[in-house]
Amino acid sequence: MASDRAALRAPLLVRSTSPLHCLLAFAAGAGLQQALGLPLPQGVAREAMQAIGTGLANAGLVLVLWCFVLFARARTTLLPGDAPARLILHGPFRWSRNPIYVGMLASYIGLALMLDVPWALATLAVPVLVLQRSIVPWEEGRLHARFPREYADYARRVRRWL
């Protein structure tokens, strides 16, 4: 029984969650921005960058919150390391198998533009790699094991990202 639990235990990168990875990467980018600086656009270009960033950050937040509502209604877990109770196939999950991560990354990019932290765009590669190589494959394996036929059909119909 203990070995079964250990076999199903998510790796540390999965258990530590992607919001934490994004927060750490953003903080590193902000630190680089403070230490090294990058020239920022001025005037109308800067205002446009901040307006686009605000729209992107808010759109990402709305997408993530929409997904949270769907998870709550389905009474299934949001945590990637936990076993899913249900497979959600509607709402934004019709267009992407990972709309929470898409929304989170859109918010990250939007905040970097909105807050004048362009170095955070360079450090975004770290959480993207963690998602692509660790978290998403773990989640997909869990979903395939729990819902073999249904998830395989879903994965054939819907793209991983966009």
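This is a predicted model: local features need pLDDT of at least 70, side-chain atom pairs count only at pLDDT 80 or more; totals for chains, interfaces and linings use all residues.
Colleague: Is aspartate 116 buried or exposed?
Modeller: The relative accessibility of aspartate 116 is 12%. Buried means under 20% relative accessible area. At 12%, therefore, aspartate 116 counts as buried.

Colleague: What is the phi of aspartate 116?
Modeller: Aspartate 116 is a residue other than glycine, and its phi is positive. The value is near 60°.

Colleague: Where is threonine 17, and what is its phi?
Modeller: Threonine 17 sits in the loop between α2 (12-15) and α3. With a relative accessible area of 22%, threonine 17 is partly exposed. This residue, which is not glycine, has a positive phi, near 70°.

Colleague: How many helices and strands does the protein have?
Modeller: Along the sequence the pattern reads α-α-α-α-α-α-α-α. The secondary structure therefore comes to eight helices and zero strands.

Colleague: What does the C-alpha trace span along its principal axes, and what percentage of the residues is buried?
Modeller: The C-alpha trace spans about 60 × 35 × 25 Å along the principal axes. The protein has 162 residues, and the buried share of them is 40%.

Colleague: How many of the residues of α5 are buried?
Modeller: Helix α5 has 16 residues, and its first and last C-alpha atoms are 22 Å apart, close to the 22 Å expected at 1.5 Å a residue. The helix is mostly covered. Of its 16 residues, the buried ones number 13.

Colleague: Which element gives the most to the largest nonpolar core?
Modeller: The largest nonpolar core has 34 residues, and Phe93, Tyr101 and Tyr108 have the most contacts inside it. Two or more residues of this core come from each of α3, α4, α5, α7 and α8. The element that gives the most, with seven residues, is α5.

Colleague: Which residues are closest to the centre of the largest pocket?
Modeller: About 740 Å³ of space lies in the largest pocket. Its lining is made of 35 residues, and those closest to the centre are Ser18, Leu78, Ile100, Tyr101 and Glu139.

Colleague: Which element supplies the largest share of the lining of the largest pocket?
Modeller: By class, this lining has 23 nonpolar, six polar and six charged residues. At least two lining residues are supplied by each of α3 (18-36), α4, α5 (99-114), α7 and α8 (148-157). The largest share of the lining, seven residues, comes from α5.

Colleague: How far apart are the end C-alpha atoms of helix α7?
Modeller: Helix α7 covers residues 125-146, which is 22 residues. At 1.5 Å a residue, α7 should span 32 Å. The distance between its end C-alpha atoms agrees with this, at 30 Å.

Colleague: On which residue is the kink in α7 centred?
Modeller: The buried residues of α7 include Val130, Leu131, Ser134 and Trp138. The kink in α7 is about 45°.

How values were computed
Residues are numbered from 1 along each chain as its sequence is written. Side-chain values use heavy atoms; hydrogens and water are left out. Helices (H or I, at least four residues) and strands (E, at least two) are DSSP runs, numbered from the N terminus. The expected span of a helix is 1.5 Å times one less than its number of residues. The bend at a residue is the angle between axes fitted to the seven residues ending there and the seven starting there. Buried means under 20% relative accessible area, exposed over 50%, partly exposed in between (1.4 Å probe, protein chains only). On a 1 Å grid over the protein atoms alone, a cavity is a set of points where a 1.4 Å probe fits but cannot get out, and a pocket is an open set with protein on both sides within 12 Å along at least five of seven lines; lining residues have an atom within 4 Å of a point. Grid points are joined across faces, edges and corners, and a volume is the space filled by probe spheres set on the points. Ala, Val, Leu, Ile, Met, Phe, Trp, Tyr, Cys and Pro count as nonpolar, Asp, Glu, Lys and Arg as charged, and the others, Gly among them, as polar. A nonpolar core is a set of buried Ala, Val, Leu, Ile, Met, Phe, Trp, Tyr and Cys residues joined through side-chain atoms within 4.5 Å.
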